[in-house]
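These are my notes from a first look through this structure. I went by topic and wrote down what I found.

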Amino acid sequence: MSSPRSIAIVGGGLGGLACARILQMRNIPVVVYEREPSMSARQQGGSLDMHPDTGFTVLEMAQLVDEFKKVARYEDQGFKLASIDGTIHFDSEAGDNWGQDDEDRPEVDRIQLRQIFLDSLRPNTVKWGQGVSKVVENDNKVTVHFIDPALEPAVHDFIVGADGAWSRVRPVISTAVPEFSGMIYIDIFIKDVQKKYPHLANYLKSGMALVLGDNKGLISQRNANDVVRVYAAFRKPASWPEEVGLKTLVDAGRWDEANQLLSKQYEGWNTVATGYFQVPPFSMDVRPLYALKHHSWETNAHMTLVGDAHMVSPPNGVGANNAMLDGAELGVVIAENVSANEEDWLKAIKAQENKIQQRAWASQQEDLSFGAMISEGDSAARVAETFKQVLAAAAQH
Ligand SMILES: Cc1cc2nc3c(=O)[nH]c(=O)nc-3n(C[C@H](O)[C@H](O)[C@H](O)COP(=O)(O)OP(=O)(O)OC[C@H]3O[C@@H](n4cnc5c(N)ncnc54)[C@H](O)[C@@H]3O)c2cc1C
């Protein structure tokens, strides 16, 4: 191919935006089709910690470390783990240390991180409100069709599917479909925590607190601007929130009643953490968690996948970090091969796909994922033991 391929990205999450940024840094024209009508269209999710070898590496590749440091919360890296009877297995605020390396993993709210990438892109790179309904290969090109029938289909040479767990690009190259993981998170946002509920703020202090046991969890996490995000986590059938009436209450905004119902699920838990159910939330959502495991596909000259579109897991602390690296690395590969002949192009895309698949599979095998944490009996004690072993082993290398 003598003229450069025209590139489009479907999905303006962290994976898609990282890819776009790297492409533009190399002067490769790119457009990002995003379903949401604007940046502020929805709650963007909680705080993320940037891992040195993935998320933070991407910030360096994208020359955005200075912007990141303006909003990063280096002070919010605390971690506490307790059983439901109140036994504390680990409390970094109390000086606990299991021999982990002391590399920083600064926290940042997802909305702030996404904004940093958006601000780094050229004007009109992201086409807001242009949700993709399907992509179709024809005449050695790929045509992108939009949900909005008023929008003309767009034709490109190559599409990056960065459109998350329910990707509209994936079905063209793979029959895989995410499966229910057996876990449900009730996602609760509480505002003004230090100001109005100092007892909860003092319990959480900085960073994250996990209370785990009996197939449940209460995971709380400090976010920027005095917000705390709480995940009430359950190992239950997907239909459970409907069956007990929780979904109806949450969707109707009847959050005080939803809190009462949740509170009952945690009866007997010996911890102040259940106090989160005694205060009014700013928002509440029911999130059944899905997984797409050990996913691979035959390389296609016109499209590939990054981030949750190729691999989605119940939260294990690496999904967004991996998505960013998937996107950024792919950006480099595209830029270096954008005018390559078909054989070299396929070789380059295949090599990159192998890399991101290996990374995804490795992270899915880690048993420190929250999936393993939400299990029967005293799962906190088991998780503590695993953490000790893994971190001690890591410290020896
Ligand atoms: C509760 C929870 C907590 C988590 N905590 C962490 C954490 O602490 N650390 C971490 O690293 N990861 C975490 N993750 C995982 C992380 O959120 C994902 O792995 C990450 O967001 C994947 O990024 P992505 O860009 O691939 O996809 P997404 O973030 O899903 O972005 C996809 C984008 O595509 C858009 N889109 C979707 N469909 C279409 C369409 N048809 N057309 C156009 N646009 C479309 C969406 O609007 C969205 O903007 C967590 C996940 C959950 C559910």
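The model I am reading is predicted.

Entry one, helix α12. I looked up what covers the buried residues of α12, and the list includes β17 (303-305) and α11. The buried residues themselves are W345, I349, Q352, E353, I356, A360 and Q364. I noted a general point beside them: an α-helix has 3.6 residues a turn, so residues three or four places apart point the same way. I then checked the span of α12, which runs over residues 342-365 and has 24 residues. From first C-alpha to last, α12 reaches 34 Å, close to the 34 Å expected at 1.5 Å a residue.

I found 30 residues around the ligand, and the closest are G11, G13, G164, G307 and G319. Which helix gives the largest share of the shell? I found α11, with four residues. Both α1 (14-25) and α11 (319-337) supply at least two residues each. By class, I read 12 nonpolar, 12 polar and six charged residues in the shell.

I see the chain divided into domain 1 (7-73 + 106-178 + 292-365) and domain 2 (180-290). Their centres, taken over C-alpha atoms, are 30 Å apart. The contact between them takes 10 residues from domain 1 and 10 residues from domain 2. On the side of domain 1 that touches domain 2, I noted four nonpolar, four polar and two charged residues.

Methods:
Residues numbered from 1 in each chain as written. Predicted model: local features only at pLDDT ≥ 70, side-chain atom pairs only at ≥ 80, totals over all residues. Near = placed C-beta within 6 Å. Nonpolar A, V, L, I, M, F, W, Y, C, P; charged D, E, K, R; others polar. Expected span 1.5 Å × (residues − 1). Buried ≥ 20, exposed ≤ 12 C-beta atoms within 10 Å, placed from the backbone. Contact = placed C-beta atoms within 7 Å. Domains from an automatic or database assignment.
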